[in-house]
Amino acid sequence: MLIRVFVTLKPSVLDPQGMTVQKALLTLGYTQAEQVRQGKYFEIQWNGDLRRLAEREKIEAVASQILSNPVIESYRIEWPEGDNA
Amino acid sequence: MKAGVVVFPGSNCDHDTYHVLKHVLHMETRFLWHGERTLPDLDLIVLPGGFSYGDYMRTGAIARFSPLMEGIKDFAGRGGYVLGICNGFQILQEAGLLPGAMLHNRGLKFVCRQVCLRVEASGPFTGAYSAGQILRVPIAHNEGNFYAAAGDLEQLERNSQVLFRYCSPSGQIDGRSNPNGSLNNIAGIINERKNVAGMMPHPERASEGCLGSEDGRGVFVSLMQSIQGRFSEA
């Protein structure tokens, strides 16, 4: 099962990398680029039954305690297609 | 007086720190391999600077799961002195032993230069300095932009948990003297119990005259005095 986890800086946290990318886009003429936030993306091949709550809680723990730092980051988990029951 | 210097894969200030503790301060000093599960009898543990686990994922994020970290948490829980320098500070934050987190430097560059620090609070890690003393100590980091949620920051300030702030040569705390964007110019903090401290500047690189500054040695001298104080109390 392929699980995708997106980690981004919280809105309250300044993102100097994203700001630099945004400035570069403006310099290149992409004036529509109002804001850029840079984050991280993880793909996890998971061998387990994701219909079970306990199994999903393990992924939540991985995302919240290891892949992201709750002081500065938030995360979003994208579950495999058809596993959203 | 026994000190231990933790060696993670990717630590690169471990030998410098060992040298200062053992050959400058003459403490009984040993290296502690991160994979060990038990700690020897110690009075002080230093987590040195470097790039533990290549800074993968986030600085310090993987080192905090090293087997030895459980022992270090117990040691800190018993009141033992723990000092994290640079990457060691980041690891202590990831491990939850110190509040806040480090963001990328505001200027997005790795900053490696001498900075001025103002001593903000007295205590076991700074007792050898006078209040407001200005130190010259080098920094060398890419993620040293101290961040903490508003409530945590307020608590740090209220409890005098800020040990050092970046300042101008005359001691002014301003934006120009802030090398990385740290909130309130914070360069070093201590926990509420005042036995676990972290600092981004490298005192071990400023502990001998031949290195251009001896201003960092006071951190280790302070710790020696604190440990001696404990011995005489006991």
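Start by selecting strand E6 (residues 111-119) and strand E9 (residues 162-167) of chain B: the two pair in the antiparallel sense over four bridges. Strands and helices here are DSSP runs, numbered from the N terminus; a strand (E) has at least two residues and a helix (H or I) at least four. Two strands pair if DSSP finds at least two bridges between them.

Before moving on, some ground rules. This is a predicted model, in which local features need pLDDT of at least 70, side-chain atom pairs count only at pLDDT 80 or more, and totals for chains, interfaces and linings use all residues. Residues are numbered from 1 along each chain as its sequence is written, while chains are lettered from A and ligands numbered from 1 in the order in which they are written.

**Stop 1: around E9 of chain B**

Show Val119(B) and find Phe164(B) of E9(B) opposite. Then show Leu117(B); Tyr166(B) in E9(B) stands opposite. Now look to the other partner of E9(B). Strand E10 (residues 186-190) of chain B runs antiparallel to E9(B), joined by three bridges. Arg165(B) faces Ile186(B) of E10(B) across the pairing.

A residue is buried if 20 or more other C-beta atoms lie within 10 Å of its own, exposed if 12 or fewer, and partly exposed in between, with C-beta atoms placed from the backbone.

**Stop 2: the whole sheet of chain B**

Select the nine strands in the order E2-E1-E3-E4-E11-E10-E9-E6-E7 (chain B): they form an open sheet with mixed pairing. At its edges are E2 and strand E7 (134-141) of chain B, each pairing on one side only. From one strand to the next, the twist averages 25°.

**Stop 3: helices on the sheet**

Contact means C-beta atoms, placed from the backbone, within 7 Å.

Next, helix H1 (residues 14-24) of chain B. Which residues of H1(B) are buried? Select Asp14(B), Thr17(B), Tyr18(B), Val20(B) and Leu21(B). They lie on the same side of H1(B), because they cover an arc of only 160° around the axis. The arc is that of the directions from the helix axis to the C-beta atoms. Their cover includes strand E1 (2-7), strand E2 (28-33), strand E3 (44-47), strand E4 (81-85) and helix H5 (217-233) of chain B.

**Stop 4: the core**

Center on Val82(B) and Leu117(B). Of the 72 residues in the largest nonpolar core, these two touch the most other members. A nonpolar core is a set of buried Ala, Val, Leu, Ile, Met, Phe, Trp, Tyr and Cys residues joined through C-beta atoms within 7 Å. Leaving out residues up to four places away in sequence, Val82(B) touches Ile45(B), Ile72(B), Phe75(B), Ala76(B), Leu97(B), Asn195(B) and Val196(B).

**Stop 5: two positive phi angles**

Most residues other than glycine have a negative phi. Go to His26(B), in the loop between H1 and E2 of chain B. His26(B) has a positive phi of about 60° although it is not a glycine. His26(B) is exposed, with 10 other C-beta atoms within 10 Å.

Then jump to Asn184(B), in the loop between E9 and E10 of chain B. Asn184(B), not a glycine either, has a positive phi of about 55°. Asn184(B) counts as partly exposed, with 16 C-beta neighbours inside 10 Å.

**Stop 6: chain A**

Switch to chain A and select E2-E1-E3 (chain A), an open sheet of three strands with antiparallel pairing. Strand E2 (39-45) and strand E3 (73-78) of chain A are at the edges with a single partner strand each, so one side of each has no neighbour in the sheet. Six bridges join strand E1 (residues 2-9) of chain A to E3(A). Show Leu9(A): its bridge partner in E3(A) is Glu73(A).

Technical notes:
Two residues are in contact if their C-beta atoms, placed from the backbone, lie within 7 Å. Axes are lines fitted to C-alpha atoms, for helices over the stretch in contact, and angles run from 0 to 180 degrees between N-to-C directions.
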